[in-house]
Amino acid sequence: MSVLNLIIDTLLALLILGLALRAVAVQSLYQSAISFIAFGLMLALAWARLAAPDVALAEAAIGAGLLGVLLIHSLRDFAGEDDGEAAGFAIKLGQYPRLPSFFILLGIGIFSGVLLVAVLQMPDGGGLTAASVTALADSGVDHPVTAVLLNYRSYDTWLEIGVLVIAMLAIFCAGGFEGFRRGQWRPRQDLIIARFARLLAPLMVLVAGYLLWLGKAYPGGAFQAGVVLGAAGIILQMAGWHFVEAMSRWLWQWGLAIGFAFFLFAGIGFMAFDLAFLEYPAAHAGILILWVESFATLSIGLTMTCFYVYFTGMDADTSAGANGKGGAGHGNA
Amino acid sequence: MSALFQSSNLPAWLVLVPVIGGVVTFLLPVRLRGGVGLLFAALTTLPALFAGWLLTGGTSMRHALGGWEAPLGIALELDGLGAVFILMTAVVGLIVSIYARVYFSTVVPDPARASMFWPLWLLLWAGLNGMYLSEDLFNLYVVIEVVGIAAVGLAVLSGKTPALVAGLRYLIAAIVGSMAYLMGVALLFGATGVLDISMAAAALDSGPTARTAFALILLGLMVKTALFPLHFWLPPAHSSAEPPVSAILSALVLKGTFYIILRLWVEIFDVSLSFAAGQIVGALGATAVIWGSLQALRQDRLKLVIAHSSVAQIGYLFLLFPLITVPLGASGEAEWAIFAWTGAIYQVLAHGFAKAAFFLAIGVVVIAFGNDRRESILNLVGRLPMVTFAIGLAGVSLIGLPPSGGFLAKWMLLKAVFASGQWWWVPFILVGSLLTAGYIFMILRLAFAPADKEVPMRKVPRGLQLCALLLAIAAIVIALPAEWITGLLQGMSAFGDPVELMSNGGEAVR
Amino acid sequence: MPIPQRVQTGKGARVMETHELYGVVAVGLFCIGLAAVFLCRHLLKKIIATKIIGAGAFLMLISIAERDAEIIADPVPHAMVITGIVVAVSAAAFALALARQIRMKSGQSEFGGEPK
């Protein structure tokens with residue numbers, strides 16, 4: 001490792017640790033959220049430094065991007081608490097009894113030492129690089145990460161797309177109603193974002209398609225494409241194109257579930273021909289994976305947008321609650 | 001088409017049937033979800049029964065997903081131990097589903113919200129079966145998250161503020177637990193280069209990395225299993241959920257992560273285990289037995305009594321670990337390992353049935369009287385005799401009175417304790433039973449006490465009462481097929497083959 | 001050329017391997033997050049803390065992937081982390097929704113806290 005690289009990596013490492021510390025220790029909630037988003041972006045840089053461009057794309061888009069939007073959005077509910085005792089590290093403010101905090105810190109300090117030893121003395125297990133590359137010829141794609149995600153370990157990926165459906169349902173449970181408030185289709189002309197949206201959204205859909213296609217051979221694929229699609233959806237929503245609220249119930253339900261359901265369907269289909277669940281015949285693996293990825297992209301993008309839309313629907317709850325009219329107009333079943 | 005349902009696909013179908021049910025119920029309109037959901041609950045029990053029948057000889061079967069064998073691919077493996085858990089999930093799951101169908105269609109005022117129960121519950125069920133089948137460390141992380149998020153989603157289904165607060169606490173504990181697990185898996189992967197459980201076991205050497213990975217995984221899963229002192233999230237979450245959800249959370253969800261601890265303990269971590277590790281975990285379990293029971297005695301609301309009782313009953317499960325982690329050369333070890341295993345598995349089954357019965361019964365009480373305070377069940381026996389009977393039977397099993405499943409569990413654990421010479425666990429087991437008897441009789445005494453003035457009572461559908469009673473009966477009669485269940489377990493290599501440590505208490509030998 | 005070549009690093013004094021450096025950062029993040037989950041009382045900060053714990057676990061996996069590189073880095077941990085990020089963000093979005101709902105309904109912004 002050359003000295004220049006070492007300097008860059010060390011700076012990045014310090015920046016990441018510093019931002020993480022600031023995100024939890026700073027008193028202002030707004031500053032905390034901003035630090036956390038910056039932390040996510042620096043983390044994406046670290047993934048890039050560690051030769052993981054796929055992860056960098058996912059982290060920047062979902063970890064920092066989507067979660068950042070949701071976090072900032074949530075802040076308005078907690079407005080005025082920036083300087084409250086609750087915001088900072090409790091120990092600093094003496095809110096928490098000092099002795100327990102001290103023991104917690106001591107315990108975690110000792111634990112960090114143990115963990116550090118474990119990491120620095122870790123035996124070299126060798127990993128699965130060679131195995132992944134060797135099997136690439138039978139996988140139907142040329143990019144190893146895509147091969148792992150959609151062929152070798154497609155069961156994990158399938159379940160993970162299922163987690164998106166589960167999370168959406170769980171958020172419905174938290175909010176108390178399934179569906180999206182009937183919004184007004186009100187494309188805004190006045191906002192800068194509206195102009196951006198017109199320009200950006202079609203471009204982003206194109207980029208998503210390109211990323212999806214790219215995943216076959218290069219960093220990219222369903223997740224990155226789905227997230228870009230989701231971002232396009234969020235920008236459109238922000239600009240007043242409330243397309244999620246305009247969808248009928250069955251449309252968004254199918255949209256949310258289709259990625260998971262098609263993956264399932266493709267996996268079961270070949271079990272009738274003596275293959276295992278999620279096993280594809282080698283000759284058709286490439287095209288099957290592309291189909292599975294396309295539907296997954298659609299669902300991931302829609303889920304990301306729906307998370308955002310549901311959060312904006314909860315804003316309406318807040319204001320309606322303030323006016324004593326909470327709970328009116330739920331759902332669009 | 002016959003290829004689709006050949007028996008080698010059985011492990012996959014155990015996950016797929018409830019998943020299909022989850023997707024279908026999600027896509028259906030609200031009014032159809034209950035009926036179709038119940039249909040899929042019934043369908044899900046079919047492969048589970050088939051698994052129990054198929055494995056009776058004590059075999060195991062493996063299904064390489066995607067056609068990729070380990071180390072690159074993920075395998076599902078169905079063995080005797082997993083089959084017992086899958087069967088319990090199926091029986092409890094089906095009865096709770098029937099209860100839920102009646103409960104959500106007659107009692108709950110908001111059918112649209114209640115209908116979200118079905119997709120979440122079926123997907124959770126799939127996740128549980130996935131836990132009992134998975135042979136892959138990272139896949140276990142994914143199914144842990146599936147179960148965790150779905151469980152919290154169900155816990156907040158009522159939308160009441162206490163449920164939301166308890167749910168967020170539960171969720172944060174669950175996320176921290178699963179992240180600790182993932183960190184441990186990362187260390188294991190770094191040290192062994194594989195994720196398949198048996199391959200990782202073969203490649204893992206004793207050392208600081210293995211020990212730390214073990215600690216991280218154990219701690220993470222202990223949070224999720226609510227072992228004392230990491231149980232803080234359980235009582236509020238379990239007591240504020242809807243009755244069928246409480247039954248699912250306490251009877252089934254807690255057992256999933258316990259199963260993973262058990263599996264990894266005997267399959268991977270035997271290399272870095274010491275006598276002390278078993279004793280520490282056992283001590284936490286023993287403390288949980290006493291602490292949880294004492295807390296249960298102090299509660300005013302019945303749901304909280306039952307939720308704290310879960311903390312205690314989970315404690316019993318962890319007494320298995322000191323008993324199977326013993327110095328090599330102690331006499332008769334194979335024999336007491338069989339007792340310990342049978343005892344712990346019976347504790348899983350008995351607690352699963354009895355606790356589910358309890359929560360369903362208290363659910364009936366809440367419908368009838370509008371709350372679950374102690375005073376409201378005065379003269380319960382005269383007004384809801386079937387529910388009183390269910391509470392009594394479930395109580396018998398929780399205390400461990402013969403001839404219940406709970407009796408068999410505690411008796412076998414005691415036998416193992418005596419045979420192993422670890423007599424110091426005896427007082428915990430006995431005092432735990434006494435304290436359990438204390439809060440059960442407290443409930444029964446109220447149920448049989450005459451009421452000065454009758455509070456008005458809402459009519460409760462008979463089906464709900466019957467479901468509670470069925471589960472309570474199951475908690476008793478589960479003691480009958482003991483031989484068959486032992487037969488299922490015998491297929492496991494770990495069974496009857498305790499983790500053997502050298503007599504100086506040092507590293508394990510393979 | 002389907003497989004991207006990793007940039008070859010130049011020769012230098014062996015101070016610390018890249019993966020070791022990031023492994024240490026991973027431990028740091030994990031512990032900062034863990035401490036913050038206990039010590040921060042505000043619900044939003046607890047949620048942020050869980051994300052930082054997760055970042056630590058993910059960084060550990062990716063640094064191991066870099067260590068195991070043979071021309072390309074190990075794709076298996078990369079895929080695991082992509083899966084993990086999506087799962088973790090789903091869980092965090094759910095947690096945020098819960099926290100907001102709790103604030104709206106009860107005015108609480110910490111566990112056991114006073115309504116604001």
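These legends accompany close-up views of a predicted model.

**View 1. Chain B as a whole.** Start here to get your bearings in chain B, whose secondary structure comes to 21 helices and four strands. Its radius of gyration is 22 Å, close to the 24 Å that the globule rule gives for 510 residues, so chain B is as compact as a globular protein of that length.

**View 2. Inside chain B.** Here we look at packing within the chain. Buried residues account for 67% of the 510 residues in chain B. Of the contacts in chain B with a separation of 6 or more, 81% are between residues 24 or more positions apart.

**View 3. Where chain B meets chain A.** The contact draws 53 residues from chain B and 53 residues from chain A. On the side of chain B that touches chain A, the elements giving two or more residues include the strand β1 (61-64) and the helices α1 (10-27), α5 (117-133) and α7 (161-192) of chain B. Which element gives the most to this side of chain B? It is α6(B), with ten residues. Sorted by class, the side of chain B that touches chain A has 36 nonpolar, 14 polar and three charged residues.

**View 4. The two domains of chain A.** Chain A is assigned domain 1 (1-88) and domain 2 (142-325). Their contact takes twelve residues from domain 1 of chain A and 14 residues from domain 2 of chain A. On the domain 1 side, the residues touching domain 2 of chain A divide into eight nonpolar, two polar and two charged.

**View 5. The largest nonpolar core.** This core has 394 residues, and those touching the most other members are L154(B), A155(B), A357(B), A468(B), L471(B), A475(B) and F94(C). Helix α15 (residues 333-369) of chain B supplies the largest share of the core, 26 residues. Chain A takes part too: the core draws at least three residues from each of domain 1 (1-88) and domain 2 (142-325) of chain A.

**View 6. Around A357(B).** A357(B) is among the residues that touch the most other core members. Which residues does A357(B) touch, leaving aside those up to four places away in sequence? They are A390(B), A394(B), A468(B), L471(B), A472(B) and A475(B).

Terms used. Residues numbered from 1 in each chain as written. Chains lettered and ligands numbered in written order. Predicted model: local features only at pLDDT ≥ 70, side-chain atom pairs only at ≥ 80, totals over all residues. Domains from an automatic or database assignment. Contact = placed C-beta atoms within 7 Å. Nonpolar A, V, L, I, M, F, W, Y, C, P; charged D, E, K, R; others polar. Rg over C-alpha atoms; globule rule 2.2 N^0.38 Å. Buried ≥ 20, exposed ≤ 12 C-beta atoms within 10 Å, placed from the backbone. Core = buried A, V, L, I, M, F, W, Y, C linked by C-beta atoms within 7 Å.
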